Each structure stands twice: as C-alpha cells, then as structure tokens.
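Subject: Handover of a structure, with findings

Dear colleague,

Please find below the structure that I am handing over to you.

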Amino acid sequence: EWDAHVPETDPLGFPVYAEHNSRALAQAEICLGAGDRYSHFMILNVNAGIGSGLVLNGKVYTGAHGIGCEIGHMSVERGGRICFCGRRGCLEQYASAAAVLHEVNRICPDIHTWTELIDRAYNGNQICCDFLEQAASYFGEVIRNVMSLCDLEAVFFTGQIAYRGELILKLIREKAQKNAVAQMGKLPEIALSSIPGNPYLVSSASILIYKLYNQPLFFYEKNIERKKGKE
C-alpha cells in the first residue's frame, strides 16, 4: 500500500492514492461486503490473471513491502509452464480464465470467451466441464495451502469467474474438501464476493473511504505546516 504523496507543484492540489486492485477489492469486502461477518478471509480476483487480497484481523494484509499475498504466483506445478513473473508452475498459468480458455480453445476453437465456456458447461459440454474441474482442483489445493498457514473463515471469488459462478464454486468446494487435512478443522466458506454493484468502482471508492476515516483529516495541510516548522 502506498501513502498519498502530493508534491507542492502538483497541479491537482489534492491527494492521489494508488492501490493494488485485489487489495482494494478486499477493502471493499470489509466495508460493504462480508466484512461484517468475517475478519479473516481471502478474495480471489480471477480474470486473465489471478489477483488476491488477504484480510487478517479485519485489516488488509500488505506484507513488509506492499506485495503480500500474490496467490496467483504460488507454484502449483513443479517445473510447469513459465510465467511472466519468471517462475514456473504458477497458479495463474493453470486456473486463470485466460489459461483455461487457452486449453479449451485447442480442442474447441469456436469457444472464445469465458461466458461461452461456462454456458456450454451448463449445457453439458463434457470438455468444458473437464477443464473447469481441473481448474477447480488447483484452486482447491491452493485454498488448502493457505488454510494451513492462515486459518481463514472464508474465501471469496470475483472477476470473470463470477459469471454463473456456482458451477465452478461447487467443484472448488468438492476439491477443497477432498484436499483437506484432518487438522484443518472446518473448511472456510467458499462463495462469490458480496460487493454490490460494479466491484471495481466500489473498491476504488472504498479506498477513499478507508483513508478518510483512518488518518487525520486535512493531513496534507498538516504536512505543509510540519515542513514549515522545520524551516
């Protein structure tokens, strides 16, 4: 997470915030989604890639350098496909919407979008169902690994995967249950994100709301006053 920085020459004259989109989604889940029910959860933003936001004790986890919880780059296949991050076998290369579509398209070249893939799976296309089940296996494994470390109450999904998402969520729940270890105890709730409306607009607004209520008002003016005091 980056703090606002407003240079004295900034023509805007007001703070500008930048935040990782998946951490912003996690903050929105706290403010307007499931945050009133859970204080330990993860949100997975599944599109062409896979982003993630982790909430622990009711606060978004960023890590020591602001790059914590990159679940999309957790390795799920030793020596697997090379990822743009430079590593091999990343979850993103096997379970993202783009990765699944790429594999399906090799067999069914007339399927071009995630919605087409899901619609055909609902209509009983076995090839589409098989690839969804394969992706669900990877998600189930990752959820098990994260649970072993963080003991989460819930895992939420958003992004393209949310389109008629109950089919793949059912598969993910089954795979997570199959992969569960005895010591894990109760599995987390696995559900679609409950952020209302357009999740990306709402998540942007949630960052401003969080900043407004979690740091001194008029902080920019206070910083200027502090600078003048040092001169």
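I begin with helix α5, which has 25 residues and spans 35 Å from its first C-alpha to its last, close to the 36 Å expected at 1.5 Å a residue. The expected span is 1.5 Å times one less than the number of residues in the helix. Helices (H or I, at least four residues) and strands (E, at least two) are DSSP runs, numbered from the N terminus.

Please bear in mind that this is a predicted model, in which local features need pLDDT of at least 70 and side-chain atom pairs count only at pLDDT 80 or more, while totals for chains, interfaces and linings use all residues. Residues are numbered from 1 along each chain as its sequence is written, and side-chain values use heavy atoms, with hydrogens and water left out.

**Helix α5 and its ends**

Several residues of α5 are buried, including Cys128, Phe131, Leu132, Tyr138, Phe139 and Met147. Buried means under 20% relative accessible area, exposed means over 50%, and partly exposed lies in between (1.4 Å probe, protein chains only). Just after α5, Asp151 takes a positive phi of about 55°. Most residues other than glycine have a negative phi. Asp151 lies in the loop between α5 and β4 (154-159), and it counts as exposed because its relative accessibility is 52%. Arg164 also has a positive phi, near 45°. Its place is in the loop between β4 and α6 (166-179), and at 38% relative accessibility Arg164 counts as partly exposed.

**The chain as a whole**

The chain has eight helices and five strands, in the order α-β-β-β-α-α-α-α-β-α-β-α-α along the sequence. Of its 231 residues, 41% are buried. A contact means heavy atoms within 4.5 Å. Among contacts with a separation of 6 or more, 60% are between residues 24 or more positions apart.

**The nonpolar cores**

A nonpolar core is a set of buried Ala, Val, Leu, Ile, Met, Phe, Trp, Tyr and Cys residues joined through side-chain atoms within 4.5 Å. Which members of the largest core touch the most other members? They are Trp114, Leu117, Phe139 and Phe157, in a core of 42 residues. At least two residues of this core come from each of β1 (41-46), β2 (50-56), α2, α3, α4 (114-122), α5, β4 and α6. Helix α5 supplies the largest share, 11 residues. A second, separate core has 13 residues, among them Leu25, Ala34, Tyr38 and Ala154.

Leaving aside neighbours within four places in sequence, Phe157 is in contact with residues including Leu44, Val46, Phe139, Ile143 and Leu169.

**A buried serine**

Ser96 lies in the loop between α2 (92-95) and α3 (97-107). Is Ser96 buried or exposed? At 1% relative accessibility, Ser96 counts as buried. A polar atom of its side chain lies 3.2 Å from the backbone oxygen of Ala48. Beyond its neighbours within four places in sequence, Ser96 is in contact with Val46, Asn47, Ala48, Gly49, Ile50 and Leu91.

**Salt bridges**

Side chains of opposite charge can pair when their charged atoms come close. A salt bridge is counted when a side-chain nitrogen of Lys or Arg is within 4 Å of a carboxyl oxygen of Asp or Glu. By this rule there are eight salt bridges. Three of them are described here:

- Glu103 pairs with Arg81, with the closest N and O atoms 3.5 Å apart. Glu103 is in helix α3 and Arg81 in the loop between β3 (59-61) and α2, 22 residues apart.
- Asp110 pairs with Arg120 at 2.8 Å, N to O. Asp110 lies in the loop between α3 and α4 and Arg120 in helix α4, so the pair ties together parts that are 10 residues apart in sequence.
- Glu133 pairs with Lys175, with the closest N and O atoms 3.0 Å apart. This pair links helix α5 to helix α6, across 42 residues. Glu133 is partly exposed at 34% relative accessibility, whereas Lys175 is buried at 15%.

Salt bridges that share partners also join Arg81, Glu103 and Arg106 into one network.

Yours sincerely

How values were computed:
Polar contact = N/O pair within 3.5 Å; in protein donor to acceptor, adjacent residues only side chain to side chain.
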